[in-house]
Amino acid sequence: MTTPSALERPTGVPLGLRLAARLVLLPALVLTLLPPRRIRAVLCVLRRGAAPATAAQAQNARDALCAVSLRCTGPKGCLPRSLGAALLCRLRGTWPTWCAGVRVVPPFTAHAWIEAEGHPVGEGTPDGYFARLVSVEPASRPPAR
């Protein structure tokens, strides 16, 4: 027996942000086809020159992806959702911490998410609920002279 459920899609996402989310959706889906080390390598290149994303910027990017894609909104959409949100942040000049890992409490589940200001964004879970296996943090900037 299955339990009926409905996916909640964010509302009130501005048109420009929804269009930008659609723009990064295809590259995000292509990235999901790559092995983790290649995803990490691509993201390490893309993060260069971006400022760390704030929690609000990361949440807005995540909401935009969920607003334009049922795949990203669904329970198995964590990888394209997290990659798309990271790419959307980068398109706007910032970079969240992109993470892939596992849930630390049973049952074992793989998951991908973004973090900003040291906390998971939009996951509805406490800090430490997921253990990172792979992460791509904002690039450190050289000190100003």
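The model is predicted: local features need pLDDT of at least 70, side-chain atom pairs count only at pLDDT 80 or more, and totals for chains, interfaces and linings use all residues. Residues are numbered from 1 along each chain as its sequence is written, and side-chain values use heavy atoms, with hydrogens and water left out.

**Stop 1: helix 5**

Select residues 78-91, which form helix 5. Helices (H or I, at least four residues) and strands (E, at least two) are DSSP runs, numbered from the N terminus. The expected span of a helix is 1.5 Å times one less than its number of residues. For the 14 residues here that gives 20 Å, and the end C-alpha atoms are 20 Å apart, which agrees.

Now colour by burial. Buried means under 20% relative accessible area, exposed over 50%, partly exposed in between (1.4 Å probe, protein chains only). Eleven of the 14 residues in helix 5 are buried. They are C78, P80, R81, S82, L83, G84, A85, A86, L87, L88 and C89. Step just past the helix to G93, where phi is positive, at about 90 degrees.

**Stop 2: the largest nonpolar core**

A nonpolar core is a set of buried Ala, Val, Leu, Ile, Met, Phe, Trp, Tyr and Cys residues joined through side-chain atoms within 4.5 Å. The largest one has 34 residues; L43, L65, L83, L88 and W98 touch the most other members. Helix 1 (15-31), helix 2 (36-46), helix 3 (55-68), helix 5, strand 3 (97-103), strand 4 (110-116) and strand 6 (130-136) each supply at least two residues. Helix 1 gives the largest share, seven residues.

**Stop 3**

Centre on W98 in strand 3. W98 is buried, at 2% relative accessibility. Show its contacts (heavy atoms within 4.5 Å). Not counting residues up to four places away in sequence, W98 touches I39, L43, L79, S82, L83, W113, I114, V134, S135 and V136. W98 and I39 lie 59 residues apart in sequence, yet 10 Å apart in space, C-alpha to C-alpha.

Move to L43. With the sequence neighbours up to four places away left out, L43 touches L31, L83, W95, W98 and V136.

**Stop 4: R62**

Pick R62 in helix 3. Is R62 buried or exposed? R62 is buried, with a relative accessible area of 12%. Beyond four places in sequence, R62 touches R81, A85, V121, G122 and E123.

**Stop 5: L46**

Finish at L46 in helix 2. L46 counts as partly exposed, at 33% relative accessibility.
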